[in-house]
Amino acid sequence: MSPSQPFGRALCAMITPFTADGELDLEGAQRLAAHLVDAGCDGLVLSGTTGESPTTTDTEKTALVRAVAEAVGDRAHLVAGVGSASTRHTVELARSAESAGADGLLVVTPYYSRPPQEAVEAHFRTVADATGLPVMLYDIPGRTGTRIGTGALLRLAGHPRIAAVKDCAYDLLGSTKVISRTGLAYYSGCEELNLPLYAVGGSGFVSTVANVAPRQLRAVLDAYDTPDPAEAARLNRLNTPLVELMMASGLPGTVAAKTLLGAAGLPSGPVREPLLPAGRAAVDGLLGAYAELLPAAG
């Protein structure tokens, strides 16, 4: 794998399947993981927000990594979400994920307490020092309340195990500056920026929509690499209606992904509270956009 793509190009932020009564569905997770890898995902990110990490236990997170590792082996990179508001807790999760078979760690900025940049840097360094796994930093200030500053990213890039960034900062100029001055692999965490970030030197994407349209999202990058940027733009436009409904309509991406997976007969199950299932109008809209995308992309 290229150093600029340490986890591949097309990564799915996988949902966590539950049984009908809300328990962890490990067999379902294994089937879904295998399906996503067969459909073109180079990597799977487990226990991110899309995987309902706020409402799964530490034991469930570790069991999920172990089960998916058994299912896909070395066919895909497994990145375990281990972020929390506590550095100590994050380190514990990181070590458990490493023991369970993860290939990398996704570490979000500590949230709610809004630590200053010096503390943010110290947090990431402590977690990166705790295991032998490569780390993907997750910059999503809209949720955490704290940006990973450009200066911090430039300094953190010197750590031997800090390898990548999942970018949800909506600052293409800032991202381009870091890409141009470091070896960090930049992955879009916002589907509408998958192609723009890739075009300025990004490495790929970590996508919620990839739960239901992995081939369609990957095809955009494939076309750009052909190289055929016009075809990449065309395919990207085809994806936009579904992306908008899943990620920008006010419906949580996890809810939207589980709705479509369930309709397709793939493992999903209910969401855990405080999330609620999609209403009828939202379901109809999602199913309509998904049905239109499949023949158009084909």
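Guide: Before we start, contact here means heavy atoms within 4.5 Å. Helices (H or I, at least four residues) and strands (E, at least two) are DSSP runs, numbered from the N terminus. This is a predicted model, in which local features need pLDDT of at least 70 and side-chain atom pairs count only at pLDDT 80 or more, while totals for chains, interfaces and linings use all residues. Residues are numbered from 1 along each chain as its sequence is written, and side-chain values use heavy atoms, leaving out hydrogens and water.

Visitor: Okay, what do strands E1 to E8 build?

Guide: A closed barrel, running E1-E2-E3-E4-E5-E6-E7-E8 with parallel pairing (two strands pair if DSSP finds at least two bridges between them). On average, neighbouring strands are turned by 25° against each other, direction ignored (axes are lines fitted to C-alpha atoms, for helices over the stretch in contact, and angles run from 0 to 180 degrees between N-to-C directions).

Visitor: How many bridges join E4 and E5?

Guide: There are 4, linking E4 (residues 104–108) to E5 (residues 135–139) in the parallel sense. Val108 has Tyr138 in E5 as its bridge partner.

Visitor: And which strands does H4 touch?

Guide: H4 (residues 117–130) packs on the sheet against E4, E5 and E6 (162–167). The direction of H4 makes about 160° with that of E4.

Visitor: Switching to helix pairs: at what angle do H9 and H10 pack?

Guide: About 165°, with the axes of H9 (residues 214–225) and H10 (residues 229–247) 7 Å apart. So H9 is roughly antiparallel to H10 (under 35 degrees counts as roughly parallel, over 145 as roughly antiparallel, 65 to 115 as roughly perpendicular and the rest as oblique).

Visitor: Which residues meet there, in H9 and H10?

Guide: On the H9 side they include Leu217, Val220 and Tyr224, and on the H10 side Pro229, Leu235 and Asn239 are among them. The contact divides into 8 nonpolar, 3 polar and 1 charged (Ala, Val, Leu, Ile, Met, Phe, Trp, Tyr, Cys and Pro count as nonpolar, Asp, Glu, Lys and Arg as charged, and the others, Gly among them, as polar).

Visitor: How do H1 and H2 cross?

Guide: At roughly 45°, with the axes of H1 (residues 26–38) and H2 (residues 58–72) coming within 9 Å. That makes H1 oblique to H2.

Visitor: Last one: how many aromatic pairs does the structure hold?

Guide: It holds 2 (rings of Phe, Tyr and Trp, its six-membered ring, pair with centres within 6.5 Å; planes under 30 degrees apart count as stacked, over 60 as edge-to-face and the rest as tilted). Phe7 and Tyr187 have ring centres 6.4 Å apart and planes at 50°, so that pair is tilted. Since Phe7 sits in the segment before E1 (10–13) and Tyr187 in E7 (residues 185–188), the pair ties together parts 180 residues apart in sequence.
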